[in-house]
Every structure is written in C-alpha cells, then in structure tokens.
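Hello,

Here is the structure I said I would pass on. My notes on it follow below.

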Amino acid sequence: MRLLERLRTLRALASSGERELPAVARSVAIIMDGNGRWARRKHLPVAAGHRAGTRALRRTVEAAIDLGVESLCVYAFSTENWSRPPDEVEDLMEIFVETIERELPDLARQGVRVRFIGRRDRATGALRAKMDELEAGTADNKRLQLWIAFDYGGRAEIVEATRRLFEEGADPRDIDENAIAARLYAPEMPEPDVLIRTSGELRVSNFLLWQLAYTELIFVETLWPDFAERDLRQALAEYAGRRRRYGGR
Ligand code: IPE
Ligand code: IPE
Ligand code: MG
C-alpha cells in the first residue's frame with residue numbers, strides 16, 4: 001500500500017508541475033516472456049508454463065485496474081512464434097481458446113474492453129470465433145483497455161500499413177507519420193508510456209516497433225508465470241521516477 005500512496009503522490013506532484021516527473025503510467029505494454037523456462041525449472045511440460053502464464057495475465061489485469069492503468073497491451077504470440085515445434089503451437093492455440101472461454105465473463109464484469117492486434121487469417125476457426133466473441137462481449141467497457149497482440153509482428157504491421165497506403169493510391173507528398181500511424185492495426189491504441197519485459201531478456205523481439213519510439217523500457221528478471229501485482233507496482237514506481245526527454249533538453 002505504501003508504494004501505491006507514493007505513486008499517488010508522484011502523480012499529484014507531476015501534475016502540479018513541482019517536479020519534472022512523468023505522470024503515472026497510463027499506458028503499459030508487456031512482453032510476457034519466460035513461460036518455457038518456468039516450466040523447465042519445475043520439470044513440467046512447456047504447456048504448463050503457458051497455462052501458468054494465462055493466470056499471471058489475469059492477476060496483472062486486476063493489478064493494472066487497481067493502479068489506475070488505462071491501457072494495457074500484452075504480447076501473446078508473435079509472427080515468429082509459428083516456428084516453434086508444432087505440438088507447442090497446437091497447445092498454445094488450445095490454451096488461448098480455453099483462456100478466452102474462462103476469462104470472458106470476469107473481464108466483462110470488471111469493465112475490461114479487449115481487442116486484438118495482429119493477423120487473424122492464420123488462427124484456427126475456433127480461435128477466431130472466440131476472439132470475435134471476446135471483443136464483442138466487452139465492447140462497451142471503459143475501465144481498462146486490454147490489447148492482446150496475437151500473430152503480431154511490428155514489421156508486419158508497418159508493411160501492412162504501407163500496403164494500405166499504396167492500395168488507397170496515396171499521394172507520396174501526403175505520406176507522413178500520421179498517415180502511417182492511422183493505418184496501424186489499432187490507431188486508437190495509445191503509445192505505451194512504459195514497456196516491461198520479463199525473464200531477463202534484453203530485446204524487443206518485433207513488438208510495437210512503431211509505437212515504442214519514446215517508450216521507457218523496463219526489464220525484469222521475474223519469469224512471466226511468477227509476475228505479480230508487486231512486480232507491476234515496482235515497474236510503475238520506477239517509471240514514475242524517470243524523466244522523459246523526447247529528444248529535448
Ligand atoms: C513466452 O514464453 C510465451 C510465448 C512466446 C508464446 P516463452 O515460451 O518464450 O518462454 P521462454 O523464453 O522459452 O522461457
Ligand atoms: C516474444 O518472446 C514473444 C512473446 C512473448 C509472445 P519470444 O520468446 O518469442 O522472443 P525471443 O525468441 O526470445 O526473441
Ligand atoms: Mg521466450
């Protein structure tokens with residue numbers, strides 16, 4: 001609780017202009033990494049790590065609501081993850097379907113609006129149907145915007161946006177940053193204030209390449225299935241102490 005009070009104070013100070021600190025993070029992105037290592041350490045099959053990962057996401061969504069986060073974007077499956085062993089990919093698709101079924105009622109009740117970013121055409125029919133159901137079933141919610149990056153790649157997203165501009169016959173002189181940003185998967189998604197990657201890996205792995213231009217990066221050792229409210233609080237407190245410069249003085 002002390003940390004939460006500190007965050008509130010920091011937010012108040014930041015908005016009153018007394019300190020050069022960013023306001024509390026309203027938009028958070030997470031690379032949920034480390035499920036495989038978590039399972040291996042426990043001598044469990046990798047699917048058990050992915051299942052535990054879905055429970056960590058549940059906790060994180062609740063913590064994000066409590067901490068006043070407005071937008072949370074999580075990396076669930078990358079365009080490169082299709083290259084994993086077929087058994088693991090198949091298990092993951094099943095886990096996604098089961099998780100949506102299990103979580104939809106609670107998410108809807110808690111005021112979470114869920115949307116997916118990424119490709120839809122390579123998901124199984126069953127998964128696509130569940131994704132549509134989750135988006136439709138939470139469409140009126142406003143408390144927390146949850147964006148799930150599935151079959152998502154930052155490069156693919158920029159390529160698709162560019163293709164759309166060509167298809168529209170855009171005049172090259174009209175192509176600027178706004179023109180590209182407006183054609184990303186979810187133009188209304190706010191750019192993340194902070195990106196958290198778990199499991200100690202120090203890279204971006206093709207996540208939100210366009211949107212991360214000035215995002216603060218935080219890397220933590222915790223493996224994703226162990227990620228808890230305390231980890232999110234800590235990351236947000238670290239963010240609150242940083243100074244964003246945007247190239248200025
Ligand atoms: C992240 O955990 C989940 C997905 C990429 C789907 P990993 O499965 O990458 O876990 P590690 O990196 O092997 O530990
Ligand atoms: C990034 O993690 C993708 C997701 C968390 C969904 P990976 O485990 O696939 O990334 P690399 O292979 O370590 O770069
Ligand atoms: Mg990994």
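Arg115 is buried, as its relative accessible area is 14% and the cut-off for buried is under 20%. The model is a predicted one, so please read what follows as computed from the predicted coordinates.

Arg115

This residue sits in strand 3, which covers residues 112-117. The side chain of Arg115 has two polar partners that I want to point out. With the side chain of Gln145 there is a polar contact of 2.3 Å, and with the side chain of Glu188 there is one of 3.4 Å. Leaving out residues up to four places away in sequence, Arg115 touches Glu135, Gln145, Leu146, Trp147, Ile148 and Glu188.

Asp193

Asp193 is buried as well, with a relative accessible area of 15%. Where does Asp193 lie? Its place is the loop between helix 7 (177-181) and strand 5 (194-197). A polar atom of the Asp193 side chain lies 2.9 Å from the backbone nitrogen of Arg26. Apart from neighbours within four places in sequence, the residues in contact with Asp193 are Ala25, Arg26, Ser27, Thr215, Glu216, Tyr239 and Arg244.

Helix 3 and helix 4

Helix 3 runs over residues 46-66 and helix 4 over residues 86-109. Their axes come within 10 Å and cross at roughly 25°. Angles under 35 degrees count as roughly parallel, and the two helices are therefore roughly parallel to each other. The crossing of helix 3 past helix 4 is right-handed. On the helix 3 side, the contact is made by Val46, Ala47, His50, Arg51, Thr54, Arg55, Arg58 and Val61. On the helix 4 side, it is made by Glu88, Asp91, Leu92, Ile95, Glu98, Thr99, Arg102, Glu103, Asp106 and Leu107. By type, the residues of this contact divide into 6 nonpolar, 3 polar and 9 charged.

Glu101

Glu101 is also in helix 4. Buried or partly exposed, which is Glu101? At 46% relative accessibility, Glu101 counts as partly exposed. The side chain of Glu101 makes a polar contact of 3.4 Å with the side chain of Lys130. Glu101 and Lys130 are 29 residues apart along the chain, and their C-alpha atoms are separated by 7.4 Å.

Regards

Definitions and conventions. Residues are numbered from 1 along each chain as its sequence is written. Chains are lettered from A and ligands numbered from 1 in the order in which they are written. This is a predicted model: local features need pLDDT of at least 70, side-chain atom pairs count only at pLDDT 80 or more; totals for chains, interfaces and linings use all residues. Side-chain values use heavy atoms; hydrogens and water are left out. Axes are lines fitted to C-alpha atoms, for helices over the stretch in contact, and angles run from 0 to 180 degrees between N-to-C directions. Helices (H or I, at least four residues) and strands (E, at least two) are DSSP runs, numbered from the N terminus. Angles under 35 degrees count as roughly parallel, over 145 as roughly antiparallel, 65 to 115 as roughly perpendicular and the rest as oblique. A crossing is left-handed if the near helix is turned anticlockwise from the far one by less than a right angle, and right-handed if clockwise. Contact means heavy atoms within 4.5 Å. Ala, Val, Leu, Ile, Met, Phe, Trp, Tyr, Cys and Pro count as nonpolar, Asp, Glu, Lys and Arg as charged, and the others, Gly among them, as polar. Buried means under 20% relative accessible area, exposed over 50%, partly exposed in between (1.4 Å probe, protein chains only). A polar contact is a pair of N or O atoms within 3.5 Å; within protein, one must be able to donate a hydrogen and the other to accept it, and residues adjacent in sequence count only if both atoms are side-chain atoms.
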